[in-house]
Amino acid sequence: MPMADVDHQLRLLRRQYLQLFEPDFLAWPHPQLLRRSDAQAWLFKNLFDESRNPRLPPQRYQLRVLRPLIARIEKAIQDPDEDEISDDLMGRIGALMTHGVPSEFETMKERAYVTFTCLPESRTNRNLDSDGDDATEEPTITLLERRNLISGSRTTGHRTWEAALHLGSYLLTNPGQNLIRGKSVLELGAGTGFLAILCAKHLGARRVITTDGDEAVVDYLKENLALNDIDDGKLIMARTLWWGDELQGTWVEQACSSDPFDVVIGADITYDKVAITALVRTLRQLFRMRHQLQVIIAGVVRNADTFQTFQDECARSNFTVEEIILAAKPMREQTALFYAAAVPIKILKITSGN
């Protein structure tokens, strides 16, 4: 099998695994590849070796992946005299089963490392270069998240949701990159900070200020900045911002005066009718500070009436609203930034209109 195919299959599995993709839907490599000793060595090194990877998924998740992986390798072996299962893989599953893993309830309470692979559009449509076997060359963002949350709950800021990943996919296209490169960016309702970190770390933003209304979320957000080595307070900073509050005379006005915002971004921030009024009031104030501002907001249309409420509020404020068309690929066709697309996800571009 050509090495380009080897890299593609193994790296795709690694991307899904590090993003804690549901094991039932993982894209398993071809059996012919799985029985190869070099492929098994690569999988252990890049997916399960804690000495090389300090930010691996939780042990319970590792076990959920190792079991079907080893079962598939066993099934792929045709000649036991020539092919065998890696001692390292067997040792890892043995250690996890012997020492035990946290219960499902304990795992739900803990934060977990989640690593997102952020390939620009130019790299998602071709295989990666196959020089060497080290997968750390891919552009990534690692976050600490609580994965077992319900959308719409009061703790949604502790995980990255579908709309953020969809907007991230757009920002990784050529038009999206042009929107961010060299610009001053303000994020509203940041949650884990995925989009802000993407802009600062991989898209060449000049400055990023990422905000949330929950002080506890902002504290966690600062941890995620540190995880990605961009917490120096110069390129990116995290602040608390309550929608609807008067911005005149605050740090927001001072920041916009010293380095005017070019772009405001937000994802999954239009699901609450009560908060929409306050959000639009904040947008009005931002447009008064910076008339030529561009606002890009993505939202999963879980409730069409609520999403329409946001658009109606924008219309009442005389904003110009355009939809940016980006079709979400089915999960089986996604090669990076994996997310469910069964429910419509829309991206809106909003300008002052006055």
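Asp268 is buried, with a relative accessible area of 11%. That counts as buried because the cut-off is under 20%. The model described here is a predicted one.

**Asp268 and its surroundings**

Where does Asp268 lie? Asp268 sits in the loop that links β6 (263–267) to α13 (273–289). The side chain of Asp268 reaches a backbone atom, the nitrogen of Ala163, at 3.3 Å.

**The chain as a whole**

The protein chain has 14 helices and 9 strands. Of its 354 residues, 52% count as buried. Now take contacts between residues at least 6 apart in sequence. Of these, 77% join residues at least 24 apart.

| Helix pair | Angle | Axis separation | Crossing |
|---|---|---|---|
| α8 (residues 162–171) and α10 (residues 194–201) | about 20° | 10 Å | right-handed |
| α4 (residues 59–76) and α5 (residues 87–99) | about 135° | 10 Å | left-handed |

Start with α4 and α5. They pack at an angle of about 135°. That makes α4 oblique to α5. On the α4 side, the contact is made by Gln59, Gln62, Leu63, Leu66, Arg67, Leu69, Ile70 and Ile73. On the α5 side, Leu89, Met90, Arg92, Ile93, Leu96 and Met97 take part. By class, the contact of α4 with α5 has 10 nonpolar, 2 polar and 2 charged residues.

Next come α8 and α10. Their packing angle is about 20°. How are the two helices therefore oriented to each other? α8 and α10 are roughly parallel, because angles under 35 degrees count that way. From α8, the residues Ala164, Leu165, Leu167, Gly168 and Leu171 meet Phe194, Leu195, Leu198 and Cys199 of α10. The residues of this contact divide into 8 nonpolar, 1 polar and no charged.

**Leu34**

Leu34 is found in helix α2 (residues 31–34). Is Leu34 buried or exposed? At 3% relative accessibility, Leu34 counts as buried. Leaving out residues up to four places away in sequence, Leu34 touches Pro29, Gln40, Leu43, Leu69, Arg72 and Ile73. Leu69 and Ile73 are also among the α4 residues that meet α5. Arg72 is 38 residues from Leu34 along the chain, and the C-alpha atoms of the two are separated by 7.6 Å.

**Two leucines with positive phi**

Most residues other than glycine have a negative phi. Two leucines have a positive value instead. Phi of Leu20 is near 60°. Phi of Leu337 is near 50°.

Both leucines lie in loops. Leu20 is placed between α1 (3–18) and α2. Leu337 is in the loop between β8 (320–324) and β9 (345–351).

Are these leucines buried or exposed? Leu20 counts as buried, at 16% relative accessibility. Leu337 counts as buried too, at 2% relative accessibility.

Technical notes. Residues are numbered from 1 along each chain as its sequence is written. This is a predicted model: local features need pLDDT of at least 70, side-chain atom pairs count only at pLDDT 80 or more; totals for chains, interfaces and linings use all residues. Side-chain values use heavy atoms; hydrogens and water are left out. Helices (H or I, at least four residues) and strands (E, at least two) are DSSP runs, numbered from the N terminus. Buried means under 20% relative accessible area, exposed over 50%, partly exposed in between (1.4 Å probe, protein chains only). A polar contact is a pair of N or O atoms within 3.5 Å; within protein, one must be able to donate a hydrogen and the other to accept it, and residues adjacent in sequence count only if both atoms are side-chain atoms. Axes are lines fitted to C-alpha atoms, for helices over the stretch in contact, and angles run from 0 to 180 degrees between N-to-C directions. Angles under 35 degrees count as roughly parallel, over 145 as roughly antiparallel, 65 to 115 as roughly perpendicular and the rest as oblique. A crossing is left-handed if the near helix is turned anticlockwise from the far one by less than a right angle, and right-handed if clockwise. Contact means heavy atoms within 4.5 Å. Ala, Val, Leu, Ile, Met, Phe, Trp, Tyr, Cys and Pro count as nonpolar, Asp, Glu, Lys and Arg as charged, and the others, Gly among them, as polar.
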